[in-house]
Amino acid sequence: MQGKMMDILMVCTGNICRSPMADGLLRQMLPQDGAPTVRGHSAGTHGLDDQPAATFAIQAAAEMGIDISGHRARSLDRDMVSKADLILVMEPFHHEIIARAVPSQAREKLQLLADFEKPRQSDTIDDPYHHSLKVYRACIHRIQHCLEGVVRHLESDRCPD
């Protein structure tokens, strides 16, 4: 993967809560020195096109030093899927939708975000939509925990020892 920009796509349902928070967190967690080697972005299986991130998603992210206030929701499309090197989804439902829509060889780049969680709580990163700020905070902290595993995975791919 060295020398190539890696494209990571975060996917949730509406692209206004979980995936924008995950994308913002990933950007914050990746090394900022030198040229970026990872491009993160997000989309929704049922994207609420051009809607801003949910107010509590913006607030929970801001509490962690991440600004997602400029985010606008997008619907997942074939082009995004084909360009992505890694597609991280929030729940098995998203995995099924994408797996049905892509060629079988593309399925290897499709993973549940929870696959990177140690110890794993469940397969699903619960949707905080229509819940309290406290639920959004719990969600973003769980996403962060999962992304720590993603970052370790990316670093181990880049630095073969």
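Author: Start with the sheet. In this predicted model, four strands form an open sheet, in the order E2-E1-E3-E4, and their pairing is parallel. Helices (H or I, at least four residues) and strands (E, at least two) are DSSP runs, numbered from the N terminus. Two strands pair if DSSP finds at least two bridges between them. The edges are strand E2 (38-44) and strand E4 (110-112), and each of them pairs on one side only. Neighbouring strands are turned by 25 degrees against each other on average, direction ignored. Axes here are lines fitted to C-alpha atoms, for helices over the stretch in contact; angles run from 0 to 180 degrees between N-to-C directions.

A word on the ground rules. Residues are numbered from 1 along each chain as its sequence is written, and side-chain values use heavy atoms, leaving out hydrogens and water. As the model is a predicted one, local features need pLDDT of at least 70 and side-chain atom pairs count only at pLDDT 80 or more, while totals for chains, interfaces and linings use all residues.

Now look at strand E3 (residues 86-89). Three bridges join E3 to E4, and the two run parallel. Leu88 of this strand stands opposite Gln111 in E4. Val89 stands opposite Leu112 in E4. E3 also pairs with E1, in the parallel sense, over four bridges. There, Met10 stands opposite Leu88 in E3. Buried means under 20% relative accessible area, exposed over 50%, and partly exposed in between (1.4 Å probe, protein chains only).

Next comes helix H1 (residues 18-29). Its 12 residues should span 16 Å at 1.5 Å a residue, and the end C-alpha atoms are 16 Å apart, which agrees. The expected span is 1.5 Å times one less than the number of residues. Nine of the 12 residues of H1 are buried, so the helix is largely enclosed by the rest of the structure. Among the buried ones are Arg18, Met21 and Leu25.

Nine salt bridges turn up in a search of the whole structure. A salt bridge is a side-chain nitrogen of Lys or Arg within 4 Å of a carboxyl oxygen of Asp or Glu. One of them joins the side chains of Glu63 and Arg137 (2.7 Å, N to O). Glu63 lies in the loop between H2 and H3 and Arg137 in helix H5 (residues 133-158), so the pair ties together parts that are 74 residues apart in sequence. Glu63 is partly exposed, at a relative accessible area of 44%. Arg137 is partly exposed too, at 34%.

Arg120 has two partners. Its side chain meets Asp115 in a salt bridge at 3.0 Å, N to O, and Asp123 in another at 2.7 Å, N to O. Asp123 is partly exposed, with a relative accessible area of 36%. Elsewhere, salt bridges that share partners join Arg18, Glu91 and Asp127 into one network.

Last, confidence. The protein chain averages a pLDDT of 92, and 94% of the residues score at least 70. pLDDT is the predictor's confidence in each residue, from 0 to 100.
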